[in-house]
Structure formats: structure tokens, C-alpha cells
Amino acid sequence: MLRIAGLAGNRGRNLMHIADMAPGGAEVAVVLTDDESAPALSAAADRGIPTEVVERGDDESHADHEKRVLAHLDDYEFDLVCLDGYMRVLSGDCLDALPTTLNVHPSLLPAFRGEDAHEQALDAGVRTTGCTVHVATEELDAGPIVTQEAVPVHEDDDPADLKERVLYRAEFKAYPRAVRWFAEDRVTVDEDGVTVDGDESGQFPARRVVSDDRNRTLRYGENPHQDAALYADAASDTASVVQADQLNTGAKSLSYNNYNDADAALELIREFEDPAAAVIKHTNPAGCATADTLAEAYADALSTDAMSAFGGIVALNRPCDAETAAAIVESFKEVVVAPGYTEGALDVLTEKENLRVLDVGEFDGERPTLTEKPLTGGRLVQERDDWVPTRDDLDVVTERDPTEAEIETMLFAWRTLKHVKSNAILFASGTETVGIGMGQVSRVDAVRLAAMKAEEHADGKSAEGAVMASDAFFPFPDGVEQAAEAGIDAVIQPGGSVNDEDVIAAADEHDMAMAFTGKRCFRHD
């Protein structure tokens, strides 16, 4: 366990934060101050941390005071010293007598050294500042840098505002990080400076710095009582709803939910090379299809579940033409997303007062390879699920082989299924959806929902003879049995259940063809 001796000059908020976090299992062994009225003393005592007060006498030399400080610290075992507002520069002799000593300075050194770093930053007009954790040396704020953390400077900031932001958003991140690295024995301090093992870049770097610009303030968030804003990555050059032009400028602006749904729709439609259309509701596909023409694809997608598509988002992977536009405006939609529009299409679409028309531009530029989800206190980051099976990836496990048509449908269904919330089941025929069961906590319930949608909501479609796709394995044969009752003839699923043999046997009993992909495609948000 790494043990820390903390030298504080005032409130010791960084030290107390480190004590509360215990980064890497580190423990604050003692807090010493040269001011008997320092609030750090009571804060440490509340946490059961021993404290020492070593005030400097009026006539006491700097060297003599340091000797008394060292004498008081001799009673404790510690491996690292952390300074926190300790306003005395330690001499070389004192630093040599101590283990590595760290300090945190409220600027991005070497900029703005000294006591008034925040005032200097504001006077200089910089738009980014932050903090630096460095090894303490005799020269003030000049030791080797261990880590830094940046924060923005805003136009209306004063020194107090900036001080609070730097403390809570920079120092509270960087100082515990540095301590954790020392606790994990990853830091080397030598005459060449500081090196940190594992502080690498690459796809998942040891540290991430994200900077986005506020694009606009939204009317509200998911619900009217929630405020919201849209932030943009100015370096992104791929087609996106964030940067899309809204062509009917007189319509109301997009809401938080509109952006979320439109992004999901765009992600789905980019899966396909052939003319494709999708209708999205609450980030789930209500229908998706590919066809020879865009208008046919839209008609097939809509007819999967026209009732649920009411008020949804339409996404197209070709420039929207007048025929497709005319079909779209026959029922209420919130947003249309496409890589361009003909003049005839715009004439039709802009007649609808509040149908938002987004032109995302050509599907060029590199899509981000990672996706992320914010959590309270952090965020999850993962590779984008770009995998789709080919014919060669399908492992046929049943007595009956799927037909070529069934294989084509399996491959279409999987591309669409990737964008359905888990637990997800999708029925498809040809290259169009027939019924979709999404967001269920039971896989067999997802099958029942897809069957109900196909039976009651699909127009001119049927589950009879269709293909079923599942985003994860069937844990029991009941899902296949339920699908057989609905008329399903073929199944694509990952496989991998301990009950695979029973599931395969159920498929064989109903003369179904079943193929395993060996990979699942969960989507949880």
C-alpha cells in the first residue's frame, strides 16, 4: 500500500479528495501544516488521519523550520509526499531527505507560474487552462511534469470561477491519477524526467481528452422539464445529423429526441449498398427494407408497422426523389434524413409545416471507430459493431440447408437486427422486415412480440415462410417453438447456448433451416 504524507497550507481539499478516493489503494498517513488554524486539520481529523502542526517562528530560519518538519514526519511511514497549498518552497536538502514529492499547480505549466495563475490566465486571454501535477524541485513550479488536465476558460469567467473549475474539473482528476500511477509502481523519476509505464496512446489510450463545441441549445431534453444542448465535434467530416443542413428553415428546430432518433436512423441506413429506407421510432426500427428503387424500399419499410411509424423518423441512403417524398408525406413524420434531395422532393416535403428535412451530405468521410456512453462518474467506450456475416460465416446446424433466398434474407436481417434494442428478434422476408420484437427482458417474449407485429400491424406481409433473426442465442427451445407457430421457416442466430442441441432439434422437428453466426449483436442503448 502506498502511504502519503500530505503538506497542506489551507483547506487541503486535494488531499482530502485523495484520502476519500484512495486511488490505487493509497492511504494518507499524515497531514502536516504550518498554520494551526488551517481547516485541513479538522478535515483530516474527521477522516481519522493523524495531523501535525509545525509553525515557523518569527526568528526561525527556513532551514531550521524544515528540520522540525522532517523531525515531525519521522514518526510516520510514507512513500510519497503530496503538497496541497503548502506555500513554502522546499529546499534541496529537504527534498533529498523526503521520498518523491509532488505538487499540483493551477495552470498548464510552464504557462502561468507563481501564486496568481488564474489572474494570469485571464489577463492573457487564453481559452484553455488547467492544472499540472509535477515533481517538486527547488525552483518554483519547474519540476518534471507527471500529468496535466485541461479545462476551458469562458468569456464571463472571473478568478473565482476559474479557480473552482480548475479545482473540481482538473485538480480532482489529475492529482488522484498521479497518485494512482505511483501506487501501481508505474512512475519512474530520474535525471531525464518522469516516465509512466502504460501511458500509451492507441485506440484505447490511458487518458482521453474530449473537447466539443456547443452547436445549439435545444428546446428541451427527453422531457420538457429537462434542459438540453447539442455539442459538435468540429473535426468530424463524416455524414451526421449534428452537422446536417435543415433545408426547411421555417420549421421548428430539432429536439433532443429528434436528434437521437435521427442519428439511430442514419446509422441503420448506412448498413446497405442497395437503395434502402428505414423508419425509426424511439431509436428502434419500426421497419427497414432494400429494393430496386428508393420508393419501393420506403413502401416496404413503412408497411412493416405503419401504426408505430406514426411520428417517426425516415432515413434514406439515396438522395430523396419526388416519388419517395410523396409517399413520406402521406402520414405524419417528424424528420427525414437523406444524403440529398431533388428539387421535386423538396417541393413536396417543405409543404409540411413542421416536417424537418435534413441533408447529411454524401456518405463519405471516416466514421468514428469507437462508440461511447456516458455514465455517472465516467463513460464506456467500445469498438463500433461493424461486423456483419457473409455466406461463408454461416454455420448451418440443421438437417435442412437454407435456400439461397433464405440466406439472402438472413444477411439482410442481421444488418437490421444490429440496430434493434436487445433482447431483439426480427422477422424478415426477402430484404424487408415483417415483424420486430425489441427491448424485451425475455427472448421468447421478443419472439411473441415480433409475431404479433407481423400478424396485426404488417400490411400485406406475413410471418409465414419468413426468416427469424435473434441477436443472441436461444437459451431454450421455446423461442424456436414460438417462431414455428408463427410460420417461420429459417433462423439465423449466434449459437453458443448449453442447450443448442435441444434448440437445433426443435428446428429440425419443424423442418426449419438454422444457421449460427458465432457472434451476437446486442444493442443495449
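Predicted model: local features only at pLDDT ≥ 70, side-chain atom pairs only at ≥ 80, totals over all residues.
The largest nonpolar core has 47 residues, and the members that touch the most others in it are Val241 and Val337. Beyond its neighbours within four places in sequence, Val337 is in contact with Val241, Ala262, Leu266, Ile313, Val314, Ala315, Leu316, Leu358 and Val360. Another core lies apart from this one; it has 37 residues, including Met16, Ile18, Ala26 and Tyr175.

Next, the overall picture. The protein has 15 helices and 25 strands.

On burial, 49% of the 525 residues count as buried. The accessible surface comes to about 25,000 Å², and carbon and sulfur atoms hold 44% of that. As for contacts, take those with a separation of 6 or more: 55% of them are between residues 24 or more positions apart.

Now to two residues towards the end of the chain. The one I take up here is Gln493, in strand 24. Is Gln493 buried or exposed? Its relative accessibility is 0%, and buried means under 20%, so Gln493 counts as buried. A polar atom of the Gln493 side chain lies 2.9 Å from the backbone nitrogen of Gly495.

Leaving aside neighbours within four places in sequence, its contacts are Trp414, Ser470, Ala472, Phe473, Phe474, Val503, Met514, Ala515, Phe516 and Thr517. Of these, take Trp414: Gln493 and Trp414 are 79 residues apart along the chain, and their C-alpha atoms are separated by 8.8 Å.

The other residue is Ser497. Where is it found? In the loop between strand 24, residues 490-493, and helix 15, residues 500-509. Not counting residues up to four places away in sequence, Ser497 touches Phe473, Phe474 and Pro475. With Phe474 there is a polar approach: a polar atom of the Ser497 side chain lies 3.4 Å from the backbone oxygen of Phe474.

To put the two side by side, Phe473 and Phe474 are among the contacts of Gln493, and Ser497 touches both of them. That is where I will stop.

Terms used:
Residues numbered from 1 in each chain as written. Heavy atoms only, no water. Helix = DSSP H or I, 4+ residues; strand = E, 2+ residues; numbered from the N terminus. Polar contact = N/O pair within 3.5 Å; in protein donor to acceptor, adjacent residues only side chain to side chain. Contact = heavy atoms within 4.5 Å. Core = buried A, V, L, I, M, F, W, Y, C linked by side-chain atoms within 4.5 Å. Buried < 20%, exposed > 50% of the residue type's maximum accessible area, 1.4 Å probe, protein only. Areas by Shrake-Rupley, 256 points an atom, 1.4 Å probe, with all protein chains shown as cover.
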